[in-house]
Amino acid sequence: MNKHLLVTGGAGFIGSNFISYLLSNSTYYITNVDYLTYAGTYENIQPFEKSNRYRFIKCDIGKDNDLRSVFDQEYETIINFAAESHVDRSIMDATPFIETNINGTFNLLKAVLSGKARKMIQISTDEVYGSLQPTEPPFTEETPLAPNNPYSASKGSADLLVRSFFKTHQLPLIITRCSNNYGPMQYTEKFIPKVISNALNDIPIPLYGDGLNIRDWIYVEDHCRAIHTVLEKGVAGEIYNIGASEEKTNLEVIQMILKQLKKDPILINYIEDRKGHDRRYSMDSSKITKELGWKPIVSFDDGVKKTIDWYKQRVLERR
Ligand code: NAD
């Protein structure tokens with residue numbers, strides 16, 4: 001029998017890449033629940049509608065009553081991507097981050113508790129671990145949570161709720177924590193799409209502080225394969241870190257993209273640093289490699305080329 005998944009936030013960047021990946025690489029049926037906030041793009045999900053293994057329901061996971069219509073059947077697994085995800089917005093107003101990232105996750109956990117889904121995978125982030133000094137070893141699953149901004153605090157809070165429902169109710173729950181993703185279908189407020197689209201349009205590219213903050217980059221399809229692996233082989237109660245060991249300063253990323261696009265570095269515009277800006281993230285993903293056999297296959301150079309090609313194509317289509 002084909003199994004039915006409930007994917008939340010499937011109109012966003014990673015969720016839409018994940019659904020696309022599963023429609024091509026599995027036989028799962030998928031219900032996509034998304035509230036279509038500014039970050040969720042109908043354009044991202046329109047191609048899925050030709051599949052008879054896919055349906056879309058517009059719903060706010062933060063509202064328990066709204067979710068009732070979604071649970072018209074029992075799901076095999078909930079995969080919770082839905083979130084407010086932009087740190088800068090959380091600094092301006094954290095309210096929607098609390099409502100979606102914490103209350104929304106709580107509502108889904110209650111659904112699992114009441115038997116409306118058998119399992120749940122919570123899609124979390126390396127940002128819950130806080131910030132590393134330049135010489136510190138990468139984050140492992142044992143690293144204590146130390147979030148520094150309202151976004152990462154809301155994701156860390158959700159992770160703790162998931163942990164508590166596993167410990168208290170013995171529900172089959174898994175947490176994945178991934179490093180910074182890049183690739184097609186990401187909203188242009190985020191770093192790499194903003195660099196590419198500003199460069200393509202010869203608009204100055206804002207760069208926080210000294211530009212030397214380090215992120216550990218992973219191509220989104222590698223992340224999607226990792227979640228698929230966790231879906232098939234992950235162990236209840238476990239946390240899996242996911243990363244591709246591609247640490248780059250923000251300045252290095254901009255320079256690389258400008259070089260590929262043959263644009264002048266004069267476009268780089270240093271601006272005042274973000275409040276509470278984490279200096280460095282780095283992920284140790286040896287656990288998922290050793291225990292589940294996943295490893296990343298797309299290098300940063302190749303992934304950035306594919307990403308640039310996708311955004312170039314989109315700019316051309318819109319002209
Ligand atoms: P995104 O902002 O692109 O997409 C989020 C999606 O959630 C959007 O489609 C939005 O409409 C939907 N959504 C927001 N509030 C909702 C609500 N109340 N009810 C239903 N849907 C709602 O985010 P993303 O970059 O695709 O991230 C997806 C998940 O992965 C998030 O949980 C994020 O914390 C996590 N994550 C992201 C990264 C990254 O680099 N982007 C890295 C690690 C983990």
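The model is predicted.

**Helices α7 and α9**

- Two packed helices are described by the angle between their axes and the distance between the axes.
- For helix α7 (residues 191–200) and helix α9 (residues 250–260), the angle is about 35° and the axes are 10 Å apart.
- The crossing in which α7 passes α9 is right-handed.
- On the α7 side the contact is made by F191, I192, V195, I196 and A199, and on the α9 side by N250, V253, I254, I257 and L258.
- By class, the residues of this contact of α7 with α9 comprise nine nonpolar, one polar and no charged.
- Eight of the 10 residues of α7 are buried, which leaves the helix mostly covered.
- The buried residues of α7 are I192, P193, V195, I196, S197, N198, A199 and L200.
- N250 is found in helix α9 and counts as buried because its relative accessible area is 8%, under the 20% limit.
- Setting aside neighbours within four places in sequence, N250 is in contact with F191, L207, G211, N213 and R215.
- N250 and F191 are 59 residues apart along the chain, and their C-alpha atoms are separated by 8.5 Å.

**Helices α1 and α8**

- Helix α1 (residues 13–25) packs with helix α8 (residues 220–233) at an angle of about 65°, and their axes are 9 Å apart.
- The crossing of α1 and α8 is right-handed.
- From α1, the residues F13, I14, N17, F18, Y21, L22 and N25 meet V220, E221, H223, C224, R225, I227 and H228 of α8.
- Eight nonpolar, four polar and two charged residues make up the contact of α1 with α8.

**Surroundings of the ligand**

- There are 28 residues around the ligand, and D34, D60, S85, Y151 and K155 come nearest.
- A polar backbone atom of F13 is 3.0 Å from an oxygen atom of the ligand.
- For I14, a backbone N or O atom lies 2.8 Å from an oxygen atom of the ligand.
- In Y151, a side-chain N or O atom is 2.6 Å from an oxygen atom of the ligand.

**Buried residues in loops**

- E189 lies in the loop between β7 (180–182) and α7, and E189 is buried, with a relative accessible area of 15%.
- The side chain of E189 makes a polar contact of 2.7 Å with the side chain of R89.
- Beyond its neighbours within four places in sequence, E189 is in contact with Y38, H86, R89 and K194.
- Not counting residues up to four places away in sequence, R274 touches H86, V87, D88, I91 and Y208.
- A82 has its place in the loop between β4 (75–80) and α4 (87–92) and counts as buried at 13% relative accessibility.
- Apart from neighbours within four places in sequence, A82 is in contact with T8, G9, I61 and T100.
- The C-alpha atoms of A82 and G10 are separated by 7.3 Å, although these residues are 72 residues apart along the chain.

**Positive phi angles**

- Most residues other than glycine have a negative phi.
- S245, in the loop between β10 (239–242) and β11 (247–249), has a positive phi near 50°.
- The relative accessible area of S245 is 57%, so S245 is exposed, the limit being over 50%.
- K262 has a positive phi of about 55° although it is not a glycine.
- K262 is found in the loop between α9 and β12 and counts as exposed at 75% relative accessibility.

Note on methods. Residues numbered from 1 in each chain as written. Predicted model: local features only at pLDDT ≥ 70, side-chain atom pairs only at ≥ 80, totals over all residues. Heavy atoms only, no water. Axes fitted to C-alpha atoms, helices over the stretch in contact; angles between N-to-C directions. Helix = DSSP H or I, 4+ residues; strand = E, 2+ residues; numbered from the N terminus. Left-handed = near helix turned anticlockwise from the far one by under 90°. Contact = heavy atoms within 4.5 Å. Nonpolar A, V, L, I, M, F, W, Y, C, P; charged D, E, K, R; others polar. Buried < 20%, exposed > 50% of the residue type's maximum accessible area, 1.4 Å probe, protein only. Polar contact = N/O pair within 3.5 Å; in protein donor to acceptor, adjacent residues only side chain to side chain. Near = heavy atom within 4 Å.
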